[in-house]
Amino acid sequence: MITEKLQKAINDQITAELWSANLYLSMSFYMEKEGFSGMASWLRKQSAEENDHACQMASYLIKRGGTAMVDKVDVVPNEFGTPLEVFQQVYEHECRVSKMIDDLTDIASAERDKATQDFLWGFVREQVEEEATASGIVEVLKKAGAAGMYYIDDKLGARK
């Protein structure tokens with residue numbers, strides 16, 4: 001059985017993951033409107049990944065005898081700036097998510113729940129990759145400048 005405190009914390013993270021999914025979906029719509037279909041596609045895939053994280057967490061809670069719930073998901077922004085600014089925001093958001101996952105792992109540790117710690121370590125490792133990917137895109141966009149923006153757009157659109 002999972003503790004009430006940990007169940008609440010995981011449910012809060014489920015809601016945060018769904019907010020992230022909506023954020024990336026909104027960014028995707030914005031980038032498509034701005035003419036960057038490859039970046040829009042990359043962001044849609046990122047949105048789907050965040051939604052999948054929420055579902056994984058919900059399934060885990062249920063397996064442990066808990067109740068998975070979705071709380072109110074707040075409104076996300078709709079305007080984001082240049083492609084570079086969009087991906088700077090992606091990077092900053094991934095850093096915030098990393099902190100949330102770290103905090104959640106700390107709660108599991110304090111609750112002495114080794115199974116949940118083990119489950120969450122997968123997300124901790126994934127966040128290292130998420131931050132590195134977003135940071136790498138920011139650096140490439142800085143170097144590409146206006147002339148290389150559509151090349152980068154094409155490359156990001158190839159994300160599987």
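A residue is taken as buried when its relative accessible area is under 20%, and a salt bridge is a side-chain nitrogen of Lys or Arg within 4 Å of a carboxyl oxygen of Asp or Glu. In the predicted model described here, E50 is buried yet takes part in no salt bridge. The nearest side chain of opposite charge to E50 is that of R159, at 7.4 Å. This distance of 7.4 Å is to be set against the 4 Å cut-off for a salt bridge. E50 belongs to helix α2, and its contacts, leaving aside residues up to four places away in sequence, are with E17, S20, A21, Y24 and E94.

The chain as a whole contains four helices and zero strands, giving the pattern α-α-α-α along the sequence. Its C-alpha atoms occupy a box of roughly 55 × 25 × 25 Å along the principal axes. The chain has 160 residues, of which 44% count as buried. Among contacts with a separation of 6 or more, 81% join residues 24 or more positions apart.

Seven salt bridges are found in a search of the whole structure; three of them are described here. Side chains of opposite charge can pair when their charged atoms come close. R159 and E49 form a salt bridge through their side chains, with an N to O distance of 3.2 Å. Because R159 lies in the segment after α4 and E49 in helix α2 (residues 37-63), this pair ties together parts that are 110 residues apart in sequence. E49 is partly exposed, at a relative accessible area of 23%, whereas E50 is buried.

A second pair is formed by D113 and R64, whose closest N and O atoms are 3.0 Å apart. D113 is buried, with a relative accessible area of 7%. D113 also caps the N-terminal end of α4, where one of its side-chain oxygens lies 3.3 Å from the backbone nitrogen of A115.

K8 and D12 meet in a salt bridge of 2.8 Å, N to O, and both residues are located in helix α1 (residues 4-33), four residues apart, or about one turn of the helix. An α-helix has 3.6 residues a turn, so residues three or four places apart point the same way. K8 counts as exposed, at 52% relative accessibility, and D12 is partly exposed, at 39%.

A kink of about 125° is present in α4, centred on G145.

A further position in helix α2 is that of A48, which is partly exposed at 46% relative accessibility. A48 and D74 are separated by 26 residues in sequence and by 18 Å in space, C-alpha to C-alpha.

How values were computed: Residues numbered from 1 in each chain as written. Predicted model: local features only at pLDDT ≥ 70, side-chain atom pairs only at ≥ 80, totals over all residues. Heavy atoms only, no water. Bend = angle between axes of the 7 residues up to and from the residue. Helix = DSSP H or I, 4+ residues; strand = E, 2+ residues; numbered from the N terminus. Polar contact = N/O pair within 3.5 Å; in protein donor to acceptor, adjacent residues only side chain to side chain. Buried < 20%, exposed > 50% of the residue type's maximum accessible area, 1.4 Å probe, protein only. Lys, Arg positive; Asp, Glu negative; His and termini not counted. Contact = heavy atoms within 4.5 Å.
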